[in-house]
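Colleague: I have a structure open and would like to go through it with you. Can we look at it together?

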Amino acid sequence: MLCEQCRQREATTHIRRVTGGTAEDHYLCAECARAGGAASALTSPGMQLLDLFSGLLGNHFAAQEQAVPRAAAGRCEFCGSSLREIAQEGRMGCARCYEAFYDQLQPTLRRVHGELKHNGKRPAEDPQAARRRRTERELEQLREAIGAAVREERYEEAARLRDEIRRLEEGGGEA
Amino acid sequence: MTNENNANKNNENTGHANKDNKNTGHTKWFAAKGDQSDVVLSTRVRLARNLADAPFPSRLDAQGKQRVTQRVRDAVQNSELNYIDMARLPRLEAFSLAERRLISPEFAAGIPGSGLLLSGDEDVSVMLCEEDHIRIQVLRAGLALRPAYDAADQIDDALGRGLPYAFDENLGYLTQCPTNLGTAMRASVMLHLPGLSSLGRAARLSESIAKLGLTMRGAFGEGSEAEGALYQLSNQVTLGLEESAALENLQAITMQIAEQERRAAAECLRQPQLEDQIWRAWGILQNARRMESREAIHLLSLARMGAARGLLPLPAETLSHLMTLTQPATLSLTEAPPLDAEKRDAKRAELIRNHILSKV
């Protein structure tokens, strides 16, 4: 039996993945198994998400390729990965790939994660940067609130929020 | 002073990952009694981190991986972590580490340039150049999500001070696989669900859990029901949710499942047939002279169910511990030179008998 991934070498690794009572079998050669096919199937609880990701990105890429043939021709300047390689593997080449292909990746990332807004830990940062970030987050919330206030014709509230934003922007936010 | 520190930290250990444990095979945290330990065997929290200025591991050759590995080693201040060169570690020892959940099975294959930082207690492991540049893992007995996270968080802070982490305001920690973006945290608990499993409810539970942003899957084996009724429950959502919220969510669902399992187990034990199976398992475990891995897991699971519900006279932890110790690679390493497959079945039966004997 040939490896289902490369279809060249003899399959020597049998992987059965059981999810919620249904079994799924994979037959791979040692090389493909090592290269990741088996690896992710064996351990990663995110495997289905990974499948989903490359599936979605693959579809998206195919659609895009027809519409705008040159859109995906670019490569990440840092690691040299192309969007096609990323779509095929479901893996990014380096951290900068996210920036390089952000526009193309965004719809897929949204489908996998929902809103793209990190809301957790941040790398250890100096206190000044932390303060700036808190102010920025506060400003963002205030701007949203002011929009809502204007839409709902709560003008007094909007004026108050405007003053608050001005105070923060002038650096008065840190008492 | 500095030189001395450097000499002490990252003690090179290329030969035997568990030399000190060779005769006992003990992983200390695993044998301990933890919270909810009638149902929850262990907790693991994993954080993935990457360097902003190096391609992800799959785009690095052995030398590139080696350089990243070395940079992380240099940044480690914690002298309690020993360094293991994965390419030079004997495969059997590597597989044993995987059986004890300290590394992933694919990492055990020994990717050139990859390395492992491992604490003496084997409750902290940091995989270097696995799927991501850095994967910090902390293990605890029983249900201990917050303590495990806090420990991982501390290591992360220490590493982050000396290394340029790949991070984006909107996407959070940048990971090789886009499904881990955000907190890049995977918290999981290992559950023993023999009651739910034998009532055929585990599969349905997995489905309903998927809707809550969590994943539950069999921890071992093939076939439709998880071998040994061991399941791994973990968070799936990493972007948009704070770490503490994800942990609380997982904690709450785990507590609910534990309650369901207790009720299911009580229901099962009222069936004379299952009660008989438990006592038979108990008899075989104490008397058998040869035992294959699958049979061991099956019988240990039945006995563990009896122990957790007060039917059998020994702590459930002893049986959890045996479930790990009797895995092929870990078992082979209990003797030097390592045992071949032939002698393993006899050793397995002997190990089980002795362990049980020392606890009853």
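Colleague: What pLDDT does chain B average?

Modeller: Chain B averages a pLDDT of 88, and 89% of the residues score at least 70. pLDDT is the predictor's confidence in each residue, from 0 to 100. This is a predicted model, where local features need pLDDT of at least 70 and side-chain atom pairs count only at pLDDT 80 or more, while totals for chains, interfaces and linings use all residues. Residues are numbered from 1 along each chain as its sequence is written, and chains are lettered from A and ligands numbered from 1 in the order in which they are written.

Colleague: Where in chain B is the pLDDT below 50?

Modeller: Over residues 1-26 of chain B. Beyond near neighbours in sequence, that stretch has 35 contacts in the model. Two residues are in contact if their C-beta atoms, placed from the backbone, lie within 7 Å.

Colleague: And what ipTM and pTM does the model score?

Modeller: The ipTM is 0.81 and the pTM is 0.75.

Colleague: Helices next. At what angle do α11(B) and α12(B) cross?

Modeller: Helix α11 (residues 293-308) of chain B and α12(B) cross at roughly 165°, and their axes come within 8 Å. Axes are lines fitted to C-alpha atoms, for helices over the stretch in contact, and angles run from 0 to 180 degrees between N-to-C directions. Helices are DSSP runs (H or I, at least four residues), as are strands (E, at least two), numbered from the N terminus.

Colleague: Roughly parallel or roughly antiparallel?

Modeller: α11(B) and α12(B) are roughly antiparallel to each other. Angles over 145 degrees count as roughly antiparallel, under 35 as roughly parallel, 65 to 115 as roughly perpendicular and the rest as oblique.

Colleague: Which residues meet there?

Modeller: From α11(B) they include B:I297, B:L300 and B:R304, and from α12(B) they include B:L319, B:L322 and B:M323. By class, the contact has 9 nonpolar, 1 polar and 1 charged residues. Ala, Val, Leu, Ile, Met, Phe, Trp, Tyr, Cys and Pro count as nonpolar, Asp, Glu, Lys and Arg as charged, and the others, Gly among them, as polar.

Colleague: How far apart are the axes of α12(B) and α14(B)?

Modeller: They are 11 Å apart, with helix α12 (residues 316-325) and helix α14 (residues 341-359) of chain B packing at an angle of about 160°. That makes this pair roughly antiparallel as well. The contact is made by B:T318, B:L322 and B:L325 of α12(B) with B:L351, B:I352, B:H355 and B:K359 of α14(B). These residues divide into 4 nonpolar, 2 polar and 1 charged.

Colleague: Now the backbone. Which residues does the cis peptide bond join?

Modeller: B:A336 and B:P337, with omega about -5°. B:P337 is in the loop between α13 (328-332) and α14 of chain B.

Colleague: Why look at such spots?

Modeller: Most peptide bonds are trans, and most residues other than glycine have a negative phi. B:R101 is not a glycine, yet has a positive phi of about 65°. B:A229, also not a glycine, has a positive phi of about 55°.

Colleague: Is B:R101 buried or exposed?

Modeller: B:R101 counts as buried because 22 C-beta neighbours lie inside 10 Å. The cut-offs are 20 or more other C-beta atoms within 10 Å for buried, 12 or fewer for exposed, and in between for partly exposed, with C-beta atoms placed from the backbone. B:A229 is buried too, with 25.

Colleague: Over to chain A. How many helices and strands?

Modeller: Chain A has 8 helices and 2 strands. Of its 175 residues, 23% count as buried.
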